[in-house]
Amino acid sequence: MAEYKSAKEKKSNTLGCLKVLLLIFNFLFWCSGAAVLWLGIWILQTKTKYVALLNSATYPACAWILIVAGVIICIIGFVGCCGAIRENKTCLIVYFVFLLIIFLLEIIAGILAYVYQDQLRGELKGGLNSTMIMQYMAKGSEGITGATDTLQQDFRCCGVLNWRDWKANSPYFKTGLAKNMTAPNSCCISPSDGCAVRDHPSNIYHVGCLDAIESYIRTYLFIIGAVGISMACLMILGLFCTLCFYHLVDEYYNEIEKEGCH
């Protein structure tokens, strides 16, 4: 009988330790969820002003996955706390299922970000030529025109490979009022109306925008990928702790029920 009480006490202590561990994990989990949510919103709101120039939706999709995962984490963190404090098996099962969903979301975001990096340069080159150059100042392409002007001023660049792309390939600079222009006014070192008539290096930027925007987007894809994979690793710890806690809770209360029957 003494041995049984000792074993039961030991199991109760183990349960208590796991409960504390799960609560600590939940606190860290909730904080990381808030951070992931903030990161996703930040990337989507402040770092996608050039996305109108891309043909692919992969970059904003990665940010949206982080936002969805962050919202789920913030909500489900409370469910995990309730399950741990009350030792409620239903809450623990719900918590485990959502942890698994978040784990998969983070893995997908990480993989998408890293895979997209390999396709980035080719897609950027084709995308910038078909949007930035071909649709500049076209009717209904105000977003592309604005993104192009912002890009060229922010990165002090002109065209895709160089400033000659505009005169060689852009319909806007082959006809109408802009036919005497070399490039958009946003290519000028000191922008003003009609400033891009002269193509001298002292007047307009000669370097293309491809390398600059590739480096820019690659940096944020790396951040998204790193956060996604890091969070997935954290999820593995959470899944393991939840399974162990659920198993101990189940055993502990089954033994109490048996005692009650006797």
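Where in the fold is the place of Met 137? In this predicted model, Met 137 sits in the loop between α3 (89-133) and α4.

**View 1. Met 137, a non-glycine residue with positive phi.** The backbone phi of Met 137 is about 65 degrees, a positive value even though the residue isn't a glycine. Look for Met 137 in the loop that runs between α3 (89-133) and α4. Met 137 comes out as partly exposed, at a relative accessible area of 41%.

**View 2. Arg 156 in the loop between α4 and α5 (164-169).** Here's another residue other than glycine with a positive phi: for Arg 156 the angle is near 50 degrees. With a relative accessibility of 57%, Arg 156 counts as exposed.

**View 3. Gly 146 in helix α4 (residues 142-154).** Gly 146 is partly exposed, with 31% relative accessible area.

**View 4. The salt bridge between Glu 214 and Arg 218.** The count for the model is 1 salt bridge. Glu 214 pairs up with Arg 218, and their closest N and O atoms are 2.7 Å apart, which is inside the 4 Å cut-off for a salt bridge. Both partners belong to helix α6 (residues 210-261), and because they are 4 residues apart there, about one helical turn separates them. What about burial? Glu 214 is buried, at 11% relative accessible area, while Arg 218 is partly exposed, at 27%.

How values were computed: Residues numbered from 1 in each chain as written. Predicted model: local features only at pLDDT ≥ 70, side-chain atom pairs only at ≥ 80, totals over all residues. Heavy atoms only, no water. Salt bridge = Lys/Arg side-chain N within 4 Å of Asp/Glu carboxyl O. Helix = DSSP H or I, 4+ residues; strand = E, 2+ residues; numbered from the N terminus. Buried < 20%, exposed > 50% of the residue type's maximum accessible area, 1.4 Å probe, protein only.
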